[in-house]
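Hi everyone, and thanks for coming. Let me put the structure up on the screen, and then we'll walk through it together.

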Amino acid sequence: MTPFLVLLRQRIRRDRLQLALWILGTALLAYASISAVYDTYGEEQDRREILGVAIATRTILIFRGTPNGISDGAFAFFLLFAWLALMGGLMSTFLAVRHTRQEEEQGRAESIAATPAGRILPTTATVVHGVLANLVLGLFIALALMANGLEVVGSFVWGAAIAVSGFAFLAFGLFAAQLFRTSRGANGISVAFVLAAYLLRGIGDAAGTPSEDLLHVTPAWPSWLSPMGYGQFTGAYVENDLTPLLIPLAFAAVLVGVVFALQSVRDQGASLLAGRPGRSTAGPVLSSSFGLAWRLNTSILLSWTAGAVATGLLATSLSSVVNQAATDTPAVLETLRRAIGSEASIEEAFVAVFYGIVGVLAACCAVQVGIRARQEEAHGTAELVLGTPIPRIRWLLEYWIVGTIVIVIVLAAAALAGIAGAGAASDPESLVPNVLEAAAAQLPACLVFLGLTLLVFAFLPRATITVGWTAVGLAAILGTFGPILQFPEWAIDLSPFAHSPVPAGGETDWSGGIWMLVIGLAAGAVAVLAMRRRELASGG
Amino acid sequence: MTTVLSARGLQKRFGRTIALDGLDLSVEAGEVHGFLGPNGAGKTTTLRILLGLARASGGEATLFGRDPWTDAAELHRRIAYVPGDVSIWPNFTGGEAIDLLSRLRGGTSDKAAYRARKERLCEAFQFDPRKKGRSYSKGNRQKVALIAAFATPAELYLFDEPTSGLDPLMEQMFNREVDRIARDGSTVLLSSHILSEVEALCDRVSIIRAGKTVESGTLAELRHLTRTEVSFAHDPAREAAVTAIPGIHDLLIDSGRVRFTVDSDQVAAVLPELARLEVQGLTVAPPSLEDLFLRHYGEELAPAEAEARA
């Protein structure tokens with residue numbers, strides 16, 4: 001076998017479980033969501049109505065897509081394409097960084113480079129691996145769509161649009177891996193790029209020009225800056241035009257060319273953005289194991305807090321816009337209420353939905369704190385710390401405390417941002433307590449995820465990262481999109497987020513929150529106490 | 001003499017793999033003890049059990065008379081540990097990592113004295129503490145743990161292959177530091193597969209193989225088990241007389257030299273014979289642990305291989 005095939009096979013082998021889960025998960029999401037869409041919006045009239053609402057309120061378009069009529073396919077494309085492209089984008093950038101910068105950072109690339117494979121071939125193999133992964137993803141999505149009875153050509157156009165936007169993100173991931181010295185840095189900028197691409201096409205849709213019948217929108221220029229935007233321009237099931245995909249394809253090709261150019265001139269292990277010399281003595285924070293746990297999690301905290309602040313700000317500042325739209329068109333109010341399933345006022349419902357997202361962000365942050373404990377253990381630095389007079393129990397307890405503090409900070413920051421944004425609302429005084437309650441209501445679910453992650457860490461350390469992210473990801477999809485997509489109730493009830501109290505419509509039921517508080521605290525306590533009997537499980 | 005560290009019949013299983021199979025180890029206060037064995041013999045596993053990072057599946061281990069698993073944190077106040085493959089935090093500088101570890105061990109209460117020790121050690125080990133952890137080589141990561149260990153006094157030092165990433169000059173620095181802490185009365189357990197290192201530093205040695213202790217004693221005691229190598233210029237006229245010397249082994253005549261080995265306690269008996277033969281260019285090489293090592297592993301490898309084939 002040639003070195004190239006060896007490298008490609010090694011990549012496929014290494015990723016087989018991860019990519020299988022990612023691809024099948026995304027295809028399954030497509031399949032399940034479309035079934036749900038037909039249940040909810042089976043009637044033409046329903047679709048007309050919701051499109052009208054979406055176009056009237058505009059902000060909903062950010063989280064959906066470009067309205068392009070009410071046929072089965074076009075309506076599904078409007079609702080789902082951007083989400084699927086987001087999943088494919090994240091899959092692609094993580095894949096790119098995993099096989100390039102991460103390999104280099106951990107020194108494995110050096111062993112490979114010393115073989116006849118050389119320095120360049122591994123990148124080539126990664127490109128081919130990533131392209132294959134995206135093609136398979138596109139194919140499976142097309143199959144999932146056809147399984148729902150959607151027509152063949154449009155389904156393949158959709159799949160092609162997903163694959164090609166994936167190529168663009170793959171190329172960006174590879175490019176970021178050239179720029180940054182660490183895989184964390186490269187992953188960070190890549191995720192930001194994917195989210196920006198999602199948001200740009202969202203803004204393009206929201207700022208686009210609606211048609212007379214309120215069933216179509218011509219996106220504004222920001223969509224032209226996003227690979228996902230070009231995916232939407234294909235107009236799957238209606239225009240079925242593949243030519244817009246040439247642009248992201250060309251973008252990917254050029255960027256991959258740049259990547260190879262950079263790769264061939266730079267040293268192994270080097271990066272375009274070099275590090276600078278640091279301090280020779282430690283600051284006061286690094287005086288205790290608690291200080292260490294805190295310091296290791298501050299960058300995590302900052303990024304999730306930024307997301308929570310943005311969401312909190314949107315929650316209250318947008319609610320006034322929505323209120324305006326609802327006043328103009330009474331049908332809009334009615335449809336929105338039906339979608340949210342509550343007798344709440346529009347502003348309250350809006351706050352509840354957005355702070356639900358804040359809760360997911362805070363939970364992700366908490367999960368990442370638990371995962372950081374595992375990373376410390378796997379990396380070997382926990383061994384250094386536990387070689388000093390720090391008891392195992394105390395070591396994990398401190399991660400638990402940091403996790404709890406981190407949740408509170410993310411929620412508090414979002415609450416403050418929401419209060420700041422409420423200034424523009426019609427009735428800021430009533431919105432402020434609503435925001436505070438909605439933020440506080442997220443705490444119990446977050447503690448459940450923190451406790452769960454630590455529990456897995458204590459009993460199945462090697463599964464911490466997979467279980468932590470999978471649990472919070474699945475729960476987020478079930479809890480926040482389940483009701484809108486009309487998933488079965490038992491499935492939605494599996495998600496802790498679905499049990500977070502919803503402070504809307506006067507009376508608030510806090511019992512779900514209290515139960516989750518008890519469960520979360522119990523899980524964390526069991527995990528910490530289990531450290532009494534737990535050996536250090538390094539590596540793997 | 002008080003026993004600082006003892007292990008009796010220590011066992012450790014990972015699933016079906018047996019890492020330790022009845023290991024015995026005893027280290028007295030104030031001694032520098034070499035813990036020798038090839039890679040995979042169970043040295044690191046033993047140290048991790050002694051440190052309370054792993055739990056023995058059987059047998060007994062004590063440090064300062066206490067259980068290293070249940071009293072880990074208490075014991076660590078008296079211990080400095082340098083792992084075999086040191087990992088440090090990629091986004092902290094070396095200086096930050098050294099300070100953190102020293103503070104966790106409570107060695108920085110006298111700030112000025114600590115700073116002086118740290119500076120001296122950084123200089124001695126030619127270590128730049130201002131670089132980020134991710135940019136350090138294996139040797140430099142090793143230095144972080146070594147400097148942190150030497151910068152805070154301890155009663156017992158556990159070193160797991162401490163010089164595996166260091167160049168010879170730094171190895172000398174390490175030896176000098178071990179001499180210093182030994183003079184100060186600390187106890188040292190040093191695992192290694194490098195014999196010269198152990199010969200230079202250690203008072204007593206335990207040799208392990210496949211999770212078992214196969215030999216333990218002072219260097220002098222162990223040398224009795226080995227043979228001294230004798231060689232001199234070959235003179236064909238005396239060949240018959242040479243082969244007749246009693247007590248010699250492994251006689252080899254090659255490239256103009258005669259070589260043979262003698263049991264170390266028989267050297268004195270052989271010397272008059274050599275004087276009678278008026279040999280030229282005589283060298284008598286002291287027994288090295290290398291021989292001991294090879295003999296131990298050489299002998300036992302054969303049946304193990306036979307077993308593997310069966």
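Let's start with chain B, where the C-alpha centres of domain 1 and domain 2 lie 42 Å apart. Domain 1 of chain B covers residues 3–223, and domain 2 covers 227–286. Chain A is also divided into two parts, domain 1 at 1–271 and domain 2 at 292–540. For that pair in chain A, the C-alpha centres are 27 Å apart.

Please keep in mind that this is a predicted model. How does it score? The ipTM is 0.81 and the pTM is 0.74. Chain B has a mean pLDDT of 87, with 91% of its residues at 70 or more. There is one stretch to flag, residues 301–310 of chain B, where the pLDDT is below 50. Leaving aside near neighbours in sequence, that stretch has 2 contacts in the model. As a rule, where pLDDT is low, the predicted coordinates should not be read in detail.

Now to a pair of helices in chain A. Helix α16 of chain A spans residues 392–421, and helix α21 of chain A spans 511–530. Their axes come within 8 Å and cross at roughly 155°. Angles over 145 degrees count as roughly antiparallel, and therefore α16(A) and α21(A) are described that way relative to each other. Which residues make the contact? From α16(A) we have A:Ile393, A:Leu396, A:Leu397 and A:Trp400. On the α21(A) side, the residues include A:Gly520, A:Leu521, A:Gly524 and A:Val528. Sorted by class, this contact has 9 nonpolar residues, 2 polar ones and no charged ones.

Last stop: two loop residues to look up on your own screens. A:Tyr237 has a positive phi of about 75°, although it is not a glycine. You'll find A:Tyr237 in the loop between α10 (227–233) and α11 (246–265) of chain A. Over in chain B, B:Gln126 is not a glycine either, and its phi is positive too, at about 50°. B:Gln126 is in the loop between α4 (111–124) and α5 (138–151) of chain B.

So, buried or exposed: what about A:Tyr237? Its relative accessibility is 10%, so A:Tyr237 counts as buried, because the cut-off for buried is under 20%. And B:Gln126, is that one buried or exposed? With a relative accessible area of 54%, B:Gln126 is exposed, since exposed means over 50%.

Conventions
Residues numbered from 1 in each chain as written. Chains lettered and ligands numbered in written order. Predicted model: local features only at pLDDT ≥ 70, side-chain atom pairs only at ≥ 80, totals over all residues. Heavy atoms only, no water. pLDDT = per-residue confidence, 0-100. Contact = heavy atoms within 4.5 Å. Axes fitted to C-alpha atoms, helices over the stretch in contact; angles between N-to-C directions. Helix = DSSP H or I, 4+ residues; strand = E, 2+ residues; numbered from the N terminus. Parallel < 35°, antiparallel > 145°, perpendicular 65-115°, else oblique. Nonpolar A, V, L, I, M, F, W, Y, C, P; charged D, E, K, R; others polar. Buried < 20%, exposed > 50% of the residue type's maximum accessible area, 1.4 Å probe, protein only. Domains from an automatic or database assignment.
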